[in-house]
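Dear colleague,

I am passing on the structure we discussed, and below it you will find my notes on what came out of it.

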Amino acid sequence: MSTSRLVRLIARTGRIAEPVPAPVGTIFEGARVLRGSVQVRYVDLGGGTDCAMEISAAFGPIYDLERYGVRLVASPRHADVLLITGVVTRNMVEPLRRTVEATPMPQFVVAVGDAAIMGGPFLGGYGVAGVVSDFVDVDLEIPGSPPEPVEIVAALRRIAGR
Amino acid sequence: MTLATVLVDLVQVLLFAALAPVLIGVTRQVRARLEGRAGAGIWQPWRDIRKLLVKQPVRAPGSSWILRVAPLVLTISSLVLAALLPLVSTVAGRLIPGDLFVVVSVLLIGAVALALVGLDAGTAFGGMGSSRHMTVLALVEPTLLLAIYALSIPSGSSNLAIIVDSRLANPSIIVSPVGLLAMAAFIIAVAAETGRLPVDNPSTHLELTMMHEAMLLESTARDLGWLEFGSWLKLTVLLGLIGNLLIPWGVATTTDPMQVVVGVPAVILKVLVLGGMLSVGEVLLAKVRLFRVPELLAGSFVLAFLAVAVSAMVP
């Protein structure tokens, strides 16, 4: 793409982030120590990738989670929050344990979607080892199948406190 | 006299330590706005650092003291750089010999510390990042040396403070062919050294393209905080140097308090404007393929070499 075309596109698009919705109630207990800076590591343990699409929308330009100081990072060692979707499949039990181990304290585990919280239709499948709370302590749950980006934004804003 | 110089230099170091996260905030904010997003605000890097410094580090089993010490070495090398270079004032450079070899060596100490961090935990990505970083550095350092050498020829000294002084006294040096060629080479070398586009993408998490990020993957909490802060400070200081070389007006040449009062906002303005321009440029540029980075850096070396050659022909 030529530079002039890119500049025209930027000028035409302008600002597409939606206006900030009303504050979302109280800050999540214990997250006060983060003081407005939340780094998120996203972990998909298995499932339909529907939650993954909603999460990527929440971090996209329209919902713009980054404006509340919430950022996706490439390594659990940089993370404060583990955003977990899907039922725990057998192959992901060990990676989940290692990811939690690699995350520095204080850490928060957020289960996104009904599959992660209670298993949904996947429970009892031959490849499914259980739900997230069977293996790690879940701090916050975002129900929905999949939850809307607005709900993901609201939950993470409670951790960021902004 | 000496006490006043030390005080002015202290002001300069503290100013740049405070300015570094703000500069990163400004570049991220400009980028967010151009992408149509609202952005986290210019104070977000400050919040990130504040949080990282209170978290408890988790270090990989088998990692050594390097992982603890190297982040501090990087930060200290950047602080030394902030003290040596002519940013708020050129007085410190006359007291301590801030010539080109000292400056490039201090830059190298920080870069080697960063590469050791990447190697220490023994992961594949860390090692890959370190090896790429070292490859780029091996190509950048000769350009930096040669570009500063070319800048030093019209001034008759390789001390950066004196170079800035002479450019202030005789602005025709700035727009001379030697000055322009050397500055072009210097700017490309600085972009490579600080891991910005088109050499490295600071906002990428695509494992196969990253250099700087790959070396940081195993660092946590305060280790990560110091590494980030040191890298940001290095970028801020080098932008300040570019600003003062291109537009030397406003920099304090004595320890006179009035000059320092003018020098502080002048250098803040230069750094932030350059940071904004860097960010706009990064939106418009794509990262070059890793195998083409040597071509780009060879190009910048040729520019620096031409600057030296031209200065030999045009006395």
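**Notes on the model**

UniProt, in an unreviewed entry, places the feature "domain: NADH:ubiquinone oxidoreductase-like 20kDa subunit" at residues 51-158 of chain A; UniProt positions are given in the numbering used here, feature names are shortened, and annotations may be inferred rather than shown by experiment. This is a predicted model, in which local features need pLDDT of at least 70 and side-chain atom pairs count only at pLDDT 80 or more, while totals for chains, interfaces and linings use all residues. Residues are numbered from 1 along each chain as its sequence is written, and chains are lettered from A and ligands numbered from 1 in the order in which they are written.

The span of residues 51-158 of chain A is 31% helix and 19% strand, and its end C-alpha atoms lie 19 Å apart. Chain A as a whole has 5 helices and 7 strands (DSSP runs, H or I of at least four residues for helices and E of at least two for strands, numbered from the N terminus), and along the sequence they follow the pattern α-β-α-β-β-β-α-β-α-β-β-α.

Turning to the contact between the chains, 25 residues come from chain A and 27 residues from chain B, where two residues are in contact if their C-beta atoms, placed from the backbone, lie within 7 Å. On the side of chain A that touches chain B, helix α1 (residues 3-13) of chain A gives the most, with 4 residues.

With kind regards
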